[in-house]
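Student: Could you take me on a close look at one helix of this model, and then show me how it compares with other spots along the chain? I would enjoy one connected walk through it.

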Amino acid sequence: MHKPSKTFSEQYTDISSIAGFEHVAPGLSLQAILETVEQAPVAISITDARANILYVNAAFEELTGYLRDEICGQNESVLSCKNTPIEVYRDLWRIIQSGKPWRGTLVNRTKSGTRYLAELNIAPVLDANRRITSFLGMHRDISTLHQLEQQLKHQKALSETMLDLAPAIVVLLDSEHRVLMDNQAYKQLKAEFGTIEPVHLFLDALNDRLDQVESAPYGKFQDIQVRFDAPNGDECWFALSGIHVEELDHAAQNYFKPSSEGGRYLLLVATDITTRKAEVERSRIQHLKVQMAEQELTSSIRETLAGAIFQLETPLNVIQAALDMQHASPDALYPILRQVLESSHSAINAMRMALPKAEQGRNFLVNINQILKDLLIISTDRMLAEGVVIDWKPEPVLPALMGNEASLRRMFHYLIDNALLSLEETGRVQRELRIHTYLKEGAIWVEITDNGIGIPSKQRLKVFEPFQSGWKRGSGKAGMGLCMAQEIVNSHGGGIRIDPDYTGGCRIHINLPLKHGNGGME
């Protein structure tokens, strides 16, 4: 059994002779001081010059698990743990023996052997001759605080690692637009820009879009595309997203009442879309070139046909004049008929000259899925404007076909354009275009289905004849699309037909055999 703990009066007698305790303020007794130390919430111990414990307070007992009568008389080293490096103890003793206070952290152990992290403040007590008579120690358990600090440090390291691995640029700015934190992607961009801070270019570009930033809910904005010129003169495009966060208020005077006048942090995320923008621009220019070429071709054909029509009017006028000559002899009509024949041949030759030349070239391996995908991309703007929903279901693995890529692309363009015209005519709110490719019996099959007005059964063969167009809104079309589509399919040894059993609009089946004997010119 343990001996009973020393009473307060017994401890008072033990330490009342310690140097310095006799110098107390008038009206403040030594007993009052000791009672204050006894009830202090921090663990306090007093040792002699050799670190033998003379006194501990109640908080010390609670922290270490030692009662006063157990610990008093023992050396402070009873709390020591091998987890603390010996160099720390050497430094501690060197400082306090020089008469200076020491503050640091040790790994201590309780009576039960539990390790804890102790934050110590040890101050030497000097007599009138400046000799050390005792040491005053105060320490507290900071194990939980250390654990929280380590968790915070670990989370910070993980966050920084994740930021560095992120392909996007991430940067944190204070209210003065100073960089507080950035990731590897931003550092790399900064190295490319030299002395210029890239984030300032971002912010300058955002100023032009200030209405979008300020109107963003909760101080958050997303995917605002900005443009600026890099130091080397290259055009740069970035998609910027960000969120404003209130800055921490460190001012002491605002401890109980945080100020609302603080600034805001800005977490900015930037994605480089320069390459994507360049691709879109190239596609736009290429599409514009194709449109201009088609317009020029159309204009040339119209001009030539207008001339041919003018030339046809001449023999028609001559024929009309001959009819008016009711009593003319055959000999008189012969020169007129000769003139009509020559004028007609001349007009026909002119129209033949107006026909565009068909593509010439050998067949190559063609990816049908890629052709259809390209056409859908080109038609995206038109379909979005007309509210057409696309259901694109390609065969995942489709073998390449030996054929003429340009003519096949033109053939599918005719068919998709025909379907879109049908959807325009229907006037439905829900407009659907479905394209499905699959492999069957050694041939590539393509189904093009729309929920438009459809084609009556009596016209399903006639629509493949020249100059057949049933679209009111397609009045500018010559009615040659399906005719030329059939010609191209036939040249590849395939077939094209309208599904007679489909009643929800129009469904066209195209089959193109993988092995076809036409390997020469189209």
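Tutor: Helix α8, which covers residues 198-207, is largely enclosed by the rest of the structure, because seven of its 10 residues are buried. Those buried positions are Pro198, Val199, Leu201, Phe202, Leu203, Ala205 and Leu206. Please keep in mind that this is a predicted model, so what follows describes computed geometry.

Which residues of α7 meet α8? On the α7 side they are Tyr186, Leu189, Lys190 and Phe193, and on the α8 side Pro198, Val199, Leu201 and Phe202. Helix α7 spans residues 184-193, and the two axes lie 9 Å apart at an angle of about 95°. Since that value falls in the range from 65 to 115 degrees, α7 is roughly perpendicular to α8. Sorted by class, the contact of α7 with α8 holds seven nonpolar residues, one charged residue and no polar ones. Pro198, Val199, Leu201 and Phe202 of α8 take part in this contact, and they are also among the buried residues of the helix.

Helix α12 (residues 368-378) packs against helix α14 (residues 405-426) with an angle of about 50° and an axis separation of 10 Å. These two helices are therefore oblique to each other, and the crossing of α12 past α14 is right-handed. From α12, the contact draws on Ile368, Ile371, Leu372 and Leu375, while α14 supplies Glu405, Leu408, Arg409, Phe412, His413 and Ile416. By class, that contact of α12 with α14 contains seven nonpolar residues, one polar residue and two charged ones.

Is Pro394 buried, exposed or partly exposed? With a relative accessible area of 34%, Pro394 is partly exposed. Setting aside neighbours within four places in sequence, Pro394 contacts Asn369 and Thr437. Its C-alpha is also 9.1 Å from that of Lys373, although Pro394 and Lys373 are 21 residues apart in sequence.

Thr64 belongs to helix α3 (residues 58-64) and is buried, at a relative accessible area of 1%. A polar atom of the Thr64 side chain lies 2.9 Å from the backbone oxygen of Phe60. Beyond four places in sequence, Thr64 touches Leu79, Thr110, Lys111, Tyr116 and His139.

Thr110, in turn, is found in the loop between β3 (102-109) and β4 (115-126). With 12% relative accessibility, Thr110 counts as buried. The side chain of Thr110 makes a polar contact of 3.0 Å with the side chain of Ser112. Leaving out residues up to four places away in sequence, Thr110 touches Leu63, Thr64, Tyr66 and Tyr116.

Val107 itself lies in strand β3. Between Val107 and Ala118, which are 11 residues apart along the chain, the C-alpha separation is 6.1 Å.

Most residues other than glycine have a negative phi. Asp223 is not a glycine, yet its phi is positive, at about 50°. This aspartate lies in strand β8 (residues 220-229) and is exposed, with a relative accessible area of 52%. Glu441 also has a positive phi, near 50°, and is likewise a residue other than glycine. Its place is the loop between β14 (431-440) and β15 (443-450), where Glu441 is exposed at a relative accessible area of 73%.

Finally, here is the wider setting for all of these places. The protein has 15 helices and 17 strands. Of its 522 residues, 35% are buried. Among contacts in the protein with a separation of 6 or more, 55% are between residues 24 or more positions apart.

Note on methods: Residues are numbered from 1 along each chain as its sequence is written. This is a predicted model: local features need pLDDT of at least 70, side-chain atom pairs count only at pLDDT 80 or more; totals for chains, interfaces and linings use all residues. Side-chain values use heavy atoms; hydrogens and water are left out. Helices (H or I, at least four residues) and strands (E, at least two) are DSSP runs, numbered from the N terminus. Buried means under 20% relative accessible area, exposed over 50%, partly exposed in between (1.4 Å probe, protein chains only). A polar contact is a pair of N or O atoms within 3.5 Å; within protein, one must be able to donate a hydrogen and the other to accept it, and residues adjacent in sequence count only if both atoms are side-chain atoms. Contact means heavy atoms within 4.5 Å. Axes are lines fitted to C-alpha atoms, for helices over the stretch in contact, and angles run from 0 to 180 degrees between N-to-C directions. Angles under 35 degrees count as roughly parallel, over 145 as roughly antiparallel, 65 to 115 as roughly perpendicular and the rest as oblique. A crossing is left-handed if the near helix is turned anticlockwise from the far one by less than a right angle, and right-handed if clockwise. Ala, Val, Leu, Ile, Met, Phe, Trp, Tyr, Cys and Pro count as nonpolar, Asp, Glu, Lys and Arg as charged, and the others, Gly among them, as polar.
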